Amino acid sequence: MRLKFSITALLLEVIIIVLFGIFVEYENRDTFLSSYPYFQDVHVMIFVGFGFLMTFLKKYGFSSVGINMLVAAFGLQWGTLMQGFWHMKGGKIHVNIKSMINADFSTATALISFGAVLGKTSPLQMLIMTLLEITIFACNEHLVTKILQAMDVGASMTIHAFGAYFGLAVTLILYRPGLKNKHENEESTYNSDIFAMIGTLFLWLFWPSFNSAIASDETFQVKAIVNTYYSLAACTIITFALSSLVDQRGKFSMVLIQNATLAGGVAVGTCADMSIHPFAAMCIGGIAGIISVLGFRFLTPLLSSKLNIQDTCGVHNLHGLPGILGGIAGIVVTAIKEEVRQDVISTPGMQAAALGSTIGIALAGGALTGGILKLPFLGQASDQNCFDDSVYWEVPEEEKLHEIHSNNYDEHSRFEANM
């Protein structure tokens, strides 16, 4: 298994380096240098935010952060190529700060899907999934933004909905009957939930940059920042309120606070730079919080038991449903008021077509990818080895040493008792 992964990883990197050597060159004059702070914020979200958000599993923290880094590092290179091939000038892909932001965006789709299959796939499978998903993502993004000419500045549809439904389709095809009854390692601890909350805070703080990074000018960037800021705030209050309300003992759920508080950033993404009042952004954020909380509470168990969709991180509730809400919000806003970007007038029909095509392509692409990942030679972990770092990582022996110490202490106590 390790030989297959090492050879595949090295081969893919060599191919990428060769392709960069042939096709990629610097932009002669980078007119997007002012976007560097936005790039840095998005970059932190990709590597720190997404990575730590998935550390909630008690024995899968190394893989959550480590494989997240592997996927992100590979994905941003592959994303540069796949997106660049659609925008070549003179047979070359010109890279600059903005193309780096878009490469991170393409990586985000794979990391969202990673959440759906977290703990159940091998590093080799994740590399293959990232390769295929980013390729399909680049095609869908070109369809949405260039052919349909729909608006989606914060990528509620093209990143969040796409990544979620792609991942759900993959996990459906990779369904494991042996995990229908919850695995003993598929739970959190006090410390693992604190680490996951670090990811939530990074994502929450930097989400305004994510939604505004590729806005066409500063005026639209300011709108996107303000609307995202207030949408997240409203979503957070609603999430805390509902978290207490849906619990039988009236207590907060860390799972909901880690995830549903971010749904407002997802949902407002499509119309973040449109002519909406902060009041509307707050309404969108509040509705997103409600949908996400109820999804975690009622829909996730239903999907698992009835449709065999084992969504480890609940990406359907954080990215899928809020992403659809964002697409619908874009349809409504463009129906109420005309929105123009770079001499293109967006219509409700364009927005609806973009949402529908994105979900359709994500489901079809995810199903195809899941079928490929199911091939035996890719080395899927056995059911009993799921959600366990020790399968792929050198893990400190602290727990084993603690167990030995406890056993020795018990034997010593029994000896003294006999004396």
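Phe 85 sits in the loop that joins α3 to β2. Helices (H or I, at least four residues) and strands (E, at least two) are DSSP runs, numbered from the N terminus. The model is a predicted one: local features need pLDDT of at least 70, and side-chain atom pairs count only at pLDDT 80 or more, while totals for chains, interfaces and linings use all residues. Residues are numbered from 1 along each chain as its sequence is written, and side-chain values use heavy atoms, with hydrogens and water left out.

**Phe 85**

- Phe 85 has a relative accessible area of 32% and is therefore partly exposed. The scale is: buried under 20% relative accessible area, exposed over 50%, partly exposed in between (1.4 Å probe, protein chains only).
- Apart from neighbours within four places in sequence, Phe 85 is in contact with Phe 23 and Ile 93. Contact means heavy atoms within 4.5 Å.
- Between Phe 85 and Gln 342 there are 257 residues of separation in sequence, and their C-alpha atoms are 22 Å apart in space.

**The chain as a whole**

- The protein chain has 14 helices and four strands.
- A compact globule with 419 residues would have a radius of gyration near 22 Å, and the protein chain agrees, with 22 Å. This radius is taken over C-alpha atoms, and the globule rule is 2.2 Å times the number of residues to the power 0.38.
- The C-alpha trace of the protein chain spans about 90 × 55 × 40 Å along its principal axes.
- Among the 419 residues of the protein chain, 51% count as buried.
- Of the contacts in the protein chain with a separation of 6 or more, 84% are between residues 24 or more positions apart.

**The largest pocket**

- Rolling a probe the size of a water molecule over the atoms shows where empty space is left.
- The largest pocket holds about 1,300 Å³ of space. On a 1 Å grid over the protein atoms alone, a pocket is an open set of points with protein on both sides within 12 Å along at least five of seven lines, whereas a cavity is a set of points where a 1.4 Å probe fits but cannot get out; lining residues have an atom within 4 Å of a point. Grid points are joined across faces, edges and corners, and a volume is the space filled by probe spheres set on the points.
- The largest pocket is lined by 38 residues, of which His 87, Lys 98, Asn 102, Thr 145 and Lys 146 are the closest to its centre.
- Two or more lining residues of this pocket come from each of α3 (61-84), β2 (93-95), α4, α5 and α6.
- By class, the lining of the largest pocket has 15 nonpolar, 15 polar and eight charged residues. Ala, Val, Leu, Ile, Met, Phe, Trp, Tyr, Cys and Pro count as nonpolar, Asp, Glu, Lys and Arg as charged, and the others, Gly among them, as polar.

**Cavities**

- Two cavities of 30 Å³ or more are found in a search of the whole structure.
- The largest cavity has a volume of about 80 Å³, and α2 (36-53), α4 (97-117) and α12 (315-336) each give two or more residues to its lining.
- Residues lining the largest cavity include Phe 50, Met 54, Asn 259 and His 319.
- Two nonpolar, three polar and two charged residues line the second largest cavity.

**Buried residues in other loops**

- Val 153 lies in the loop between α5 (123-147) and α6 (156-173), and its relative accessible area of 8% makes it buried.
- Beyond its neighbours within four places in sequence, Val 153 is in contact with residues including Asn 211, Ile 214 and Asp 273.
- Ser 35, in the loop between β1 (24-26) and α2, counts as buried at 9% relative accessibility.
- Asn 185, in the loop between α6 and α7 (190-212), counts as buried at 4% relative accessibility.
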